[in-house]
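Here are some notes to read alongside the model. Keep the sequence and the 3D view open as you go.

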Amino acid sequence: MKYIQIAGTDLQVSNIVMGNMRLKQLSLSEAETLIRTAMEEKINFFDHADIYGGGECESYFSEAIGMNASLREQMILQSKCGIRKGFFDFSKEHIIASTEGILKRLNTDYLDILLLHRPDALVEPEEVAEAFDELEKSGKVRHFGVSNHTPMQTELLQKHLSQKLIVNQLQFSIAHTPMIDSGIAFNMNVDQSVNRDSGILDYCRLNGITVQAWSPFQKGFFNGPFLGDLEEYAELNKLIDSLADKYNVANTAIAVAWITRHPANIQVVTGTMNLGRLKDCCQGSDIPLTREEWYGIYKAAGNILP
Ligand SMILES: NC(=O)c1ccc[n+]([C@@H]2O[C@H](COP(=O)([O-])OP(=O)(O)OC[C@H]3O[C@@H](n4cnc5c(N)ncnc54)[C@H](OP(=O)(O)O)[C@@H]3O)[C@@H](O)[C@H]2O)c1
């Protein structure tokens, strides 16, 4: 397992993250086995959100593992707030109330990282700053970040915060690549050159913000995995399978490696609830795909290389 340092912190984090959005699919004992397996595979980073399973995934996680002080110290716990039923809410009141709920459900005194989940168009950055100061001073949250935020939204927040935003969690997979598309097809008269994300990857690299890739196996917006989809992604699957043979790993590991190979040190937030697949993901933590292989995968997913 490869570990990376999150800039501006003392956090040494695994580049594979266990995402807990689907944890309630499992029985409690299956959930315990999955979490323990993740730890045995040297994953030390666990991603949550106050809305996963309506909040139930967080309590399920702590119940399944039997959260205690010693276990807590072996984990880096991240959660998110700001999405409510039918609207977004970055008010001071909601950020603080949500965080208190998260801590209670995870059965811990502190979060390592709190993310603002999706941009709130009505954000008042001064209020967010007050909430973060209070959470930091009380020791309830060590670090802060965002998810699905543009560079300018991040700048606006950062201008008012006394803490550095250290993470931006964004959708990224072989079959979902707006973060790199327009850069590769820059200045061309093709759809791929349309800049849909305002240069977020370069912005994060320039500012020492760690990017976390959510839904690393999905195509579209929760449209199912591209691995094994021989209708839409036949060429891609063929290439992935041949690389899996070459590196003697599962196809899942190659899908992970395509992300971890990027020099931005992106963390891969996997959502699998399948024990075997979780182990396969970990194999992809540090596979040295060549440039030719990396670009070959990008092209086989249906993109152009000018
Ligand atoms: N910040 C955000 O806005 C945001 C949004 C969504 C998710 N997230 C985070 O990202 C994590 C991952 O999200 P996700 O679960 O959507 O992403 P994912 O890991 O890309 O997808 C997982 C789903 O794909 C299935 N799958 C993966 N590989 C497969 C294969 N080879 N064949 C068949 N099925 C396969 C899994 O089934 P199995 O369980 O059977 O393997 C599972 O249902 C979440 O847990 C959450 O922590 C964040």
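1. First, the ground rules. This is a predicted model, where local features need pLDDT of at least 70 and side-chain atom pairs count only at pLDDT 80 or more, while totals for chains, interfaces and linings use all residues. Residues are numbered from 1 along each chain as its sequence is written.

2. Look for the closed barrel: its 8 strands run 3-4-5-8-9-10-11-12, with parallel pairing. From one strand to the next, the twist averages 30°. Strands (E, at least two residues) and helices (H or I, at least four) are DSSP runs, numbered from the N terminus. Two strands pair if DSSP finds at least two bridges between them.

3. Ala213 stands opposite Val268 in strand 12.

4. Now helix 1 (residues 28–40) and helix 11 (residues 275–283): they pack at about 15°, with axes 10 Å apart. Axes are lines fitted to C-alpha atoms, for helices over the stretch in contact, and angles run from 0 to 180 degrees between N-to-C directions. So helix 1 is roughly parallel to helix 11 (angles under 35 degrees count as that).

Key: Angles under 35 degrees count as roughly parallel, over 145 as roughly antiparallel, 65 to 115 as roughly perpendicular and the rest as oblique.
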